[in-house]
Amino acid sequence: MSEHTPGPWVVDPANPNLVARDGDVYEYICEIAPSAFSDSTHSYDQECANARLIAAAPELLEALRKVSMNAVHVNYGECSLSYCVIREVDAAIKKAEEGK
């Protein structure tokens with residue numbers, strides 16, 4: 001499986017339902033378009049919210065990788081990251097990296 005387009009990704013301020021790689025010239029990653037199968041509650045605001053979430057994906061993936069790598073070191077007295085949470089983090093990383 002190939003690597004994703006390197007971040008950072010941003011929402012195009014001139015067209016907030018487009019996600020692009022940040023740089024001198026935008027390299028578009030995707031366009032959030034209304035689905036033919038969506039119900040009438042699907043809106044432009046929802047498309048823009050989806051674009052913001054996608055734009056944050058590279059940073060979210062990197063944060064999850066750090067949580068996963070450092071989970072064994074996290075223990076603050078009575079509070080610690082549970083094994084179940086780390087399993088969910090690892091599953092999310094696998095989904096992002098392998099599509100599974």
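Reader: In which sense do strand 2 and strand 3 pair?
Author: Antiparallel, over four bridges. Strand 2 covers residues 18–21, and strand 3 covers residues 27–31. Keep in mind that this is a predicted model.

Reader: OK. What joins strand 2 to strand 3?
Author: A hairpin, through five residues.

Reader: Which residue of strand 3 does Val19 stand opposite?
Author: Cys30. And Arg21 has Glu27 as its bridge partner in strand 3.

Reader: Zooming out, how many strands form the sheet, and in what order?
Author: Three, in the order 1-2-3. The sheet is open and the pairing is antiparallel.

Reader: Which are the edge strands?
Author: Strand 1, residues 9–11, and strand 3. Each of them pairs on one side only. From one strand to the next, the twist averages 30°.

Reader: New topic. What packs on the sheet?
Author: Helix 1, residues 44–55. Helix 1 touches strand 1, strand 2 and strand 3. The direction of helix 1 makes about 165° with that of strand 1.

Reader: What does Ala55 touch?
Author: Leaving out residues up to four places away in sequence, Ala55 touches Trp9, Val10, Val11 and Val19.

Reader: Which residues make up the largest nonpolar core?
Author: There are five: Trp9, Val19, Ile32, Ala51 and Ala55.

Reader: What do nonpolar side chains tend to do in general?
Author: In soluble globular proteins, they tend to be buried together.

Note on methods. Residues are numbered from 1 along each chain as its sequence is written. This is a predicted model: local features need pLDDT of at least 70, side-chain atom pairs count only at pLDDT 80 or more; totals for chains, interfaces and linings use all residues. Side-chain values use heavy atoms; hydrogens and water are left out. Two strands pair if DSSP finds at least two bridges between them. Helices (H or I, at least four residues) and strands (E, at least two) are DSSP runs, numbered from the N terminus. Axes are lines fitted to C-alpha atoms, for helices over the stretch in contact, and angles run from 0 to 180 degrees between N-to-C directions. Contact means heavy atoms within 4.5 Å. A nonpolar core is a set of buried Ala, Val, Leu, Ile, Met, Phe, Trp, Tyr and Cys residues joined through side-chain atoms within 4.5 Å. Buried means under 20% relative accessible area, exposed over 50%, partly exposed in between (1.4 Å probe, protein chains only).
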